[in-house]
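Please look over the model shown here.

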2 protein chains.
Amino acid sequence: MKRIAILGSTGSIGRSTLSVVEAHPERFSVVALAAGSNVAAALEQAKRWRPRLLSMATSRAADELARKLKGAGCGDIEVVHGSAGAIRVATHPEVDFVVSAIVGVAGLEATYEAVRAGKSVGLANKECLVAAGELITAEAKKHGKPLLPIDSEHNAVHQCMRGGRLEEVQSVWLTASGGPFLDTPASEFSRITVEEALNHPTWKMGQRITIDSATLMNKGFEVIEACRLFGLAPSRVKVIVHPQSTIHSLVEFVDGSLLAQLSVTDMRLPILYALTWPERIPSGLRYSVNDLRHLDFRQPDMQKFPCLALAYEAAEAGGARTVALNAADEVAVAAFLEGSIGFDEIPRVIRDVLKETDVRHPESIKQVLAMDSEARQLARERVEQLKSRKAGTRRPVVAK
Amino acid sequence: MKRIAILGSTGSIGRSTLSVVEAHPERFSVVALAAGSNVAAALEQAKRWRPRLLSMATSRAADELARKLKGAGCGDIEVVHGSAGAIRVATHPEVDFVVSAIVGVAGLEATYEAVRAGKSVGLANKECLVAAGELITAEAKKHGKPLLPIDSEHNAVHQCMRGGRLEEVQSVWLTASGGPFLDTPASEFSRITVEEALNHPTWKMGQRITIDSATLMNKGFEVIEACRLFGLAPSRVKVIVHPQSTIHSLVEFVDGSLLAQLSVTDMRLPILYALTWPERIPSGLRYSVNDLRHLDFRQPDMQKFPCLALAYEAAEAGGARTVALNAADEVAVAAFLEGSIGFDEIPRVIRDVLKETDVRHPESIKQVLAMDSEARQLARERVEQLKSRKAGTRRPVVAK
């Protein structure tokens, strides 16, 4: 029986994880959950899963939940809150495996503490590797515990890597759907609306990651994640556009063989893989090979999608630059979503922030968070400049 | 240093194996060679590789080679001949690894003896698994020694299998180029000429295997080989047509993940893989992922290509039926090549021979060879019937 904690239990990955647990009650039990501020969802999960410990984002939400749990006869569930609460969930002594799925830098500290406490960790939080990857992977190595990727690309790489030893890997090829603007001329990028950018061709995801997919920044983050997860230089992690998203990634070995992983696009697959590794168990999610028809590929256009090139630059520098890449992108994407800057200005904001960020290597999550704040501040200033420079210019119409 | 014997050293796979050995003198040495009747080629190889032992197919060729070797100052190389000679090569005490690449049933006995002598074996000879697979795999299992496939499809499967345990494999998907008649209506099959059938779209190979690719019988043999090599029921080994032959095969795991192997189409890759397994070393044969454009797939049409269906039937029955499948196919293909029967009559000959073959399981290579002779006789009789029935009918024009 694997005893599980979920950081971000009410989010999409958290809910998918619970559905995987539900399908395999003989294998998994839920010990601790860290939810956000959605008390109703957390209450439901608490009643269904009866964890020992449940953490909410705020004390207010925690108080409300505790009250309702008592009313529901679940007063034995301990309710905590905040980042200290999330850390208690992540390091609960009865937990074997922690699913790290809190979105944004909020999940960093708890994930880091889970690794430090010697837990096996499934990583769905991008920032853990992009912003704090050097710290977290070093710690996991020290404890000899696996960091298992819970996203389709790195999970695919993890699977393909089994075909050889790490020293036998020549390159990793991350596939990219290419987003909605694969065939849009760069000259039209300044006129791209929010609605158009949110219309991703293959995956339905949150707003930020959808925009990051449209700029290819998401693939850039994945390059950095792959470098850190698998200990590869950025030059060994490559991107190939594959609009069908059927092959989730490939690993090229020194002998010239490539292994590719294919599956249906369902997050329960990488979650199950991470939870059961090194075993595989039936998921009920079969890919119909007989329905395979055409797979298309092309090279990414780094000039048209400068975010990808910026990510490679940040990956080469590491440290504060990758922290800044993530922070500046989050600010720039938010500014685009609220109509303050154009689609083509997202990479400009990020480029300027990277330029102003010295390469330093954080030695603690606290330092990562400080670098993150600094980069956000720089990005906000840059957004303001762009706004004021363009004051009076018509911005693209923003979809609700 | 891995010490190698090659059964079939002057054939295509034998020569490719020697070029792999040549590229890695620090890893491999050549101890013994079994050639065919080409004395000039064997002499060249003997002078270059200085094996301890060299076997020729006939005593005449052996005598001629021995004379020439003495003249060339290589009188220390022992020259033997025939199947006893090939067995001495396969079981030479200084040999670690035997490459089995003698075409046809001639290679069976020597390969079987190599396995019985506890050698690691790389299998390029189809008959070893199709006709004698039950015997050979049982023997390899007994000795705990690997049978490593040296052909692109099973080598791909072997690589993909590393992504999980055997019990975690749901299905194996062998890719088929589909041959030159993928889009030819079945109604035109009786008019297919030898020249058309020898025009394979992706691989340049010998005549029999090229015709076997055109009828899809080659894929049928590969289904049987996969069943025996990996211990899978025929229903778990599937075929998908993939005209580009870029993905060499796929393995589907119980969790719904598929791993696929891609590489350039060069036999030196599976040879190197087999010789170095479980390691991988640089081959210089890189597949350019950036040149990937389109991969197409479709289901095989078993009605149009009845040879594939016949192979599944034989695979289910096993024993004498798979021996007969191979023997009848060889006779039928030869009859087609000499213009005696039509392309559409190849499966008819095989079907009739299978019908007349009782399911018995051979207990020795001698029994396999007896079953083989019997099936060949039946096939020749069937060919004669077809010829006499059609006497007076114009046969398709035969290309030289």
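The notes below start with conventions and then turn to the structure.

This is a predicted model, in which local features need pLDDT of at least 70, side-chain atom pairs count only at pLDDT 80 or more, and totals for chains, interfaces and linings use all residues. Residues are numbered from 1 along each chain as its sequence is written, chains are lettered from A and ligands numbered from 1 in the order in which they are written, and side-chain values use heavy atoms, with hydrogens and water left out.

**Helix packing**

Helices (H or I, at least four residues) and strands (E, at least two) are DSSP runs, numbered from the N terminus. In chain A, the axes of helix H13 (residues 306-317) and helix H14 (residues 320-337) come within 7 Å and cross at roughly 150°. Axes are lines fitted to C-alpha atoms, for helices over the stretch in contact, and angles run from 0 to 180 degrees between N-to-C directions. H13(A) is therefore roughly antiparallel to H14(A); angles under 35 degrees count as roughly parallel, over 145 as roughly antiparallel, 65 to 115 as roughly perpendicular and the rest as oblique. H13(A) brings Leu310(A), Ala311(A), Ala314(A), Ala315(A) and Ala317(A) to the contact (heavy atoms within 4.5 Å), while H14(A) brings Arg321(A), Thr322(A) and Leu325(A).

**Core**

Leu325(A) also figures in the largest nonpolar core, a set of 187 residues. Such a core joins buried Ala, Val, Leu, Ile, Met, Phe, Trp, Tyr and Cys residues through side-chain atoms within 4.5 Å. Buried means under 20% relative accessible area, exposed over 50%, partly exposed in between (1.4 Å probe, protein chains only). Leu325(A), Ile346(A), Leu325(B), Ile346(B) and Ile350(B) have the most contacts inside the core. Not counting residues up to four places away in sequence, Leu325(A) touches residues including Met217(A), Phe221(A) and Ile350(A).

**Chain contact**

Chain A and chain B each give 45 residues to their contact. About 4,100 Å² is buried between them, counted as accessible area (1.4 Å probe) that two parts lose on being put together, summed over both. Carbon and sulfur atoms give 51% of that area.

**Backbone**

Most residues other than glycine have a negative phi, and most peptide bonds are trans.

| Residue | Phi | Relative accessible area |
|---|---|---|
| Arg50(B) | about 45° | 45%, partly exposed |
| Ser245(B) | near 55° | 8%, buried |

The peptide bond from Trp277(A) to Pro278(A) is cis, with omega near 5°. Pro278(A) sits in the loop between helix H12 (268-276) and strand S12 (294-296) of chain A.
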